[in-house]
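Dear colleague,

I am passing on a structure that you have not worked with before, and my notes on it follow below. Please read them alongside the sequence and the coordinates.

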Amino acid sequence: MAEHDTAPDTAKELGAFLERRREQIGQRWADAALFRTVFTVSRDEAVEAGKAVVDALADVARSGRLEDVDAPGFGTVRDQLGRMAAARARAGYTPVQIAGEVADLREPVTALLQTELQDADDVWVHACAQALAVLTATLRLVIMETTVSAGEELIERQRQQLLEVATPVINLWDGVVAVPLIGTLDSARSQVVMESLLEAIVDQRAAYAILDITGVPTVDSLVAQHLMKTVAAARLMGAECIVSGIRPAIAQTIVHLGIDLGSIITRARLADALAYALTQQGIVVSPRPATGASQR
Amino acid sequence: MTGFVARHSGPGPGPVPVLALGDVLLVTLQGELHDGAAEQLQHDISQRIASSTTPVNGVVIDISGVEIVDSFLGRVLAEIAASSRLLAARTVLAGMRPAVAITLVEMGLTLPGLGTALDVERALALLGRAPSAAPTAHPEEGA
């Protein structure tokens, strides 16, 4: 039998072998580090999980798509693999170490395969072992992929949380709300700021909204445009917007860039902005008058 | 208006009522404003200001019931404000929703000539306190 003809046959043979020996492989894998650490409570559960993965590998082998990450067999166990990979990642393992543990799963299967094919032709045994190697390599790839995509999901979720956390709307006084902006103001963040500020204006029936940019490191023309949009939207709602926290360096940058903030009320400090809003509402804050002898 | 093709060929829900409250005209917009009704409203308001026996100092347009504003309605509002000002009345938009405000700003329609207020009550207070001769967007309140 020529080597190049054997590829589909070895794949089929491998699939049949995996199906026959799923019980034994499942038992052996349950003792492997990867399964043992994920299914700490019950060994039976680990055996079941191992058998599910064996079934999936047998499916892939029968379909002959040993190198195809998207083979239908892998789809059914992706959740399972994802859970195992996530558990290892939580334990502080790098993706490379996890992949190494997956590679360790191959040895017990190879041993089983060799005992089963003791009487067979050497070339045939070699081809089957090679097919098994390819299959486990693909399994490793699948696990790597699941690990990486789980990490990406985490990053995306944290990015969203950061957006929400970084833009609180504070009720400074009756009818005065403020947003302390911290960090770089990009389009996505300015959209969130605008939405939460406008919602707060409606909820608090606020006549004044203060945008404090003390925590914004630099103001370029894009940031200025976002600020102006927010101010215009607040004005359309019927609230007056004040931009505060403009540091001297930022004031100079704005002038150098030729940005016209003339239509916006600006103040140096948040306190000045609040004082303006209070004065506009006819509220006077003054120190308590000294009452002479009663004071100590 | 001639450049616009009417989007709704069927009969609209009829003209928008214009209420007189002392020296202020109050218009409440609900839902979508059809092109014909918008033109009619523009005509009605300037007619009412001009023909009123008592002077009309302000026009309050309550848009708290409007969920979608397009560039056409934005222009109609700006034109109502401009024509009212020619007749010595200030226009105040009241109760714009956040989503509508964001849409208008994204379209670049900041309606610079219009006064704005959170609700009708504040719009009336704004008109009552501010002299109608000063057509500024931000009159000094309570100063």
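**Two helices of chain B**

In chain B, Asp35(B), Ala38(B), Gln42(B), Ile45(B), Ser46(B) and Ile49(B) of α1(B) are in contact with Phe72(B), Leu73(B), Val76(B), Glu79(B), Ile80(B), Ser83(B) and Ser84(B) of α2(B), where contact requires C-beta atoms, placed from the backbone, within 7 Å, and helices (H or I, at least four residues) and strands (E, at least two) are DSSP runs numbered from the N terminus. The residues of this contact comprise seven nonpolar, four polar and two charged, with Ala, Val, Leu, Ile, Met, Phe, Trp, Tyr, Cys and Pro counted as nonpolar, Asp, Glu, Lys and Arg as charged, and the others, Gly among them, as polar.

Helix α1 (residues 35-51) of chain B packs against helix α2 (residues 71-86) of chain B at an angle of about 10°, and their axes are 10 Å apart; axes are lines fitted to C-alpha atoms over the stretch in contact, and angles run from 0 to 180 degrees between N-to-C directions. The two helices α1(B) and α2(B) are therefore roughly parallel to each other, a term for angles under 35 degrees.

This is a predicted model, in which local features need pLDDT of at least 70 and side-chain atom pairs count only at pLDDT 80 or more, while totals for chains, interfaces and linings use all residues. Residues are numbered from 1 along each chain as its sequence is written, and chains are lettered from A and ligands numbered from 1 in the order in which they are written.

Between the chains, the contact takes 19 residues from chain A and 17 residues from chain B. On the side of chain B that touches chain A, the largest share, five residues, comes from α3(B).

Chain A has 12 helices and five strands.

Best wishes

Technical notes:
Parallel < 35°, antiparallel > 145°, perpendicular 65-115°, else oblique.
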